[in-house]
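The briefing is grouped by topic.

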Amino acid sequence: MESDPGFLVAVEEAKAGFEEGGVPIGGCLVSKDGKILGRGRNLRVQRGSATLHGEISTLENTGRLPASAYKGATMYTTLSPCDMCTGACIMYKIARVVIGENKTFIGGEEYLKQRGIEVVVLENEECQGLMKKFIEQKPEVW
């Protein structure tokens, strides 16, 4: 799964966020037939936003789609989703959430599972390293 195009895009977005001075969390939404619907990254620092987390930014960049487009989709995210992003995945009936790592932060994984969403945690070293480096360099932001 770490070689899935959706996951690679999410990591690319996380790296771009880090280079911009933001929180390195990226996302990518992929349809059940493998088409990338949207991609995004945490933009809280860059835009002074309280809500533009990686998954929310991804959904925003996906644009307004019919409900059927989300059915069976996979949200790739480099960090375990917070409660807000967990709720968005549930609201849009996303079928699977693939998480790069959850050592830095554990979000709503159990709630996603309770709601019938498949959760896959990769424990990806690159995602862990990005978050570690960010927290070391900008603890006040984290």
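A salt bridge is a side-chain nitrogen of Lys or Arg within 4 Å of a carboxyl oxygen of Asp or Glu. The model is predicted, so local features need pLDDT of at least 70 and side-chain atom pairs count only at pLDDT 80 or more, whereas totals for chains, interfaces and linings use all residues. Residues are numbered from 1 along each chain as its sequence is written, and side-chain values use heavy atoms, with hydrogens and water left out.

**Salt bridges**
- The whole structure holds 7 salt bridges.
- Glu126 and Lys15 form one of them, at 2.7 Å from N to O; the pair connects helix α7 (residues 125-137) with helix α1 across 111 residues. Helices (H or I, at least four residues) and strands (E, at least two) are DSSP runs, numbered from the N terminus.
- Arg39 pairs with Glu12, with the closest N and O atoms 2.5 Å apart; this joins strand β2 (residues 36-41) to helix α1 (residues 5-19).
- Within helix α6 (residues 109-114), Lys113 and Glu110 lie 3 residues apart, about one turn of the helix, and their closest N and O atoms are 3.4 Å apart.
- Shared partners join Glu12, Glu13, Glu20, Arg39 and Arg41 into one network.

**Accessibility**
- Glu126 is partly exposed at 39% (relative accessible area: buried under 20%, exposed over 50%, partly exposed in between; 1.4 Å probe, protein chains only).
- Lys15 is partly exposed at 38%.

**Pro81**
- Pro81 sits in the loop between β3 (74-79) and α5 (83-91) and is buried, at 0%.
- Its contacts (heavy atoms within 4.5 Å) beyond four places in sequence include Glu55, Val97, Phe105 and Leu112.
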